[in-house]
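Please study the sequence and the structure shown here before working through each solution.

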Amino acid sequence: MRLSTVILPVRRWHDGGRDEWLRAEELGFHTAYTYDHLSWRTFRDGPWFGAVPTLTAAAAATTRLRLGTLVTSPNFRHPVTLAKDLITLDDVSNGRITLGIGAGGNGFDATALGQKAWTPRERADRFGEFVPLLDRLLTEESVTYDGTFYSAVEARNLPGCVQRPRIPFAVAATGPRGLRLAAKHGQAWVTTGDPKLFESGTPEESIAAIRGQIEKLGAACAETGRDVGELDKILLTGFTPQPGRPLESLDAFVDFAGRHFELGFTELVLHAPIPDSDFEADPKVFEQIATEGLAQLGGPDRP
């Protein structure tokens, strides 16, 4: 199992922002992600910076740490311009970028460009066109495409990605159409658990729900003739029942991580602490988990 973090883009780069990314590398996290939103929930009325420039700065400041979005969506992105940004990011980082990608939701991003919020079906339709087109744009030298939602006319993306054939996709999905996209185009699958259980569910119910999601992912892989074991499985923590518990103590993390390791997860992502927010946590405990957590768990050889 790998341990990663997500750093929300809420701090000015020269007023602590850069230090957070450098510290993530020092602590040994596998990947440091950031949200790709225009604003997000309770942070809407405070500072919030763009994901692509933030990751570019982080790529220039770090040397080993993998970097990525968790997640990008079609809400305000177009595959042609996104592909150019991602190729540039992969170049600046020398091949350390992962694209977390999902269908999006009804948050502030959904209407910021003046459009009406899409229905779940409309989001799924767009996602179903967005991902395959982005895959082509990142692997082919020139792409022409005329779709229902997106078009590309001789879109050129030389020299392509540093990572070959392209940067890895970590596809966030729980529904059948999204899971098929993960099976066909993903190098990893992402979940936050079952959102219906967040407020009133139990940890046991959450484990059962996630086990069901993994079973459906396996079925989607079987449909496409792919071994589900080829996909990394990523849990973005903080959205399951008792969301803060993994960061309450080292022992709490080990218990939480062990339960999810047994489900087949290969990567857990912890939110870097933010004071006076939903992601408030003791920074000392966070750092202890980063440096000692996997050793306490037993790592990949855990019985």
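**Exercise 1. Determine where Pro 159 is found and which kind of peptide bond joins Leu 158 to Pro 159.**

Step 1. Pro 159 is found in the loop between β6 (151-156) and β7 (169-172). Helices (H or I, at least four residues) and strands (E, at least two) are DSSP runs, numbered from the N terminus.

Step 2. The peptide bond that joins Leu 158 and Pro 159 is cis, with omega about 10°.

Step 3. A cis peptide bond also joins Leu 70 and Val 71, where omega is about -5°. Val 71 belongs to strand β3 (residues 66-72).

Before continuing, note the basis of the values. The model is predicted, so that local features need pLDDT of at least 70 and side-chain atom pairs count only at pLDDT 80 or more, whereas totals for chains, interfaces and linings use all residues. Residues are numbered from 1 along each chain as its sequence is written, and side-chain values use heavy atoms, with hydrogens and water left out.

**Exercise 2. State what the phi values of Arg 41 and Glu 154 are, and where each residue lies.**

Step 1. Arg 41 is not a glycine, yet its phi is positive, near 45°. This residue lies in the loop between β2 (31-34) and α2 (51-61).

Step 2. Glu 154, also not a glycine, has a positive phi of about 45°. Glu 154 is part of strand β6.

Step 3. For accessibility, buried means under 20% relative accessible area, exposed over 50%, and partly exposed in between (1.4 Å probe, protein chains only). Arg 41 has 52% relative accessibility and therefore counts as exposed. Glu 154, at 49%, counts as partly exposed.

**Exercise 3. Describe how helix α3 and helix α4 cross.**

Step 1. Two packed helices are described by the angle between their axes and the distance between the axes. Axes are lines fitted to C-alpha atoms, for helices over the stretch in contact, and angles run from 0 to 180 degrees between N-to-C directions.

Step 2. The axes of α3 (residues 79-92) and α4 (residues 120-139) come within 9 Å and cross at roughly 45°.

Step 3. Angles under 35 degrees count as roughly parallel, over 145 as roughly antiparallel, 65 to 115 as roughly perpendicular and the rest as oblique. The two helices, α3 and α4, are therefore oblique to each other.

Step 4. In the contact (heavy atoms within 4.5 Å), residues of α3 including Leu 82 and Leu 86 meet residues of α4, among them Phe 130 and Leu 134. The residues of this contact divide into 11 nonpolar, no polar and no charged. Here Ala, Val, Leu, Ile, Met, Phe, Trp, Tyr, Cys and Pro count as nonpolar, Asp, Glu, Lys and Arg as charged, and the others, Gly among them, as polar.

**Exercise 4. Find how many salt bridges the structure holds, and examine three of them.**

Step 1. A salt bridge is a side-chain nitrogen of Lys or Arg within 4 Å of a carboxyl oxygen of Asp or Glu. The structure holds 13 salt bridges.

Step 2. Arg 2 pairs with Glu 267, the closest N and O atoms being 3.6 Å apart. Arg 2 lies in strand β1 (residues 2-6) and Glu 267 in strand β10 (residues 267-271), 265 residues apart. Arg 2 is partly exposed at 26%, whereas Glu 267 is buried at 2%.

Step 3. Asp 125 forms a salt bridge with Arg 177, with the closest N and O atoms 2.7 Å apart. Because Asp 125 lies in α4 and Arg 177 in helix α5 (residues 176-185), the pair ties together parts that are 52 residues apart in sequence.

Step 4. Glu 204 forms a salt bridge with Arg 259, with 3.9 Å between the closest N and O atoms. Salt bridges that share partners join Glu 204, Arg 245, Asp 255 and Arg 259 into one network.
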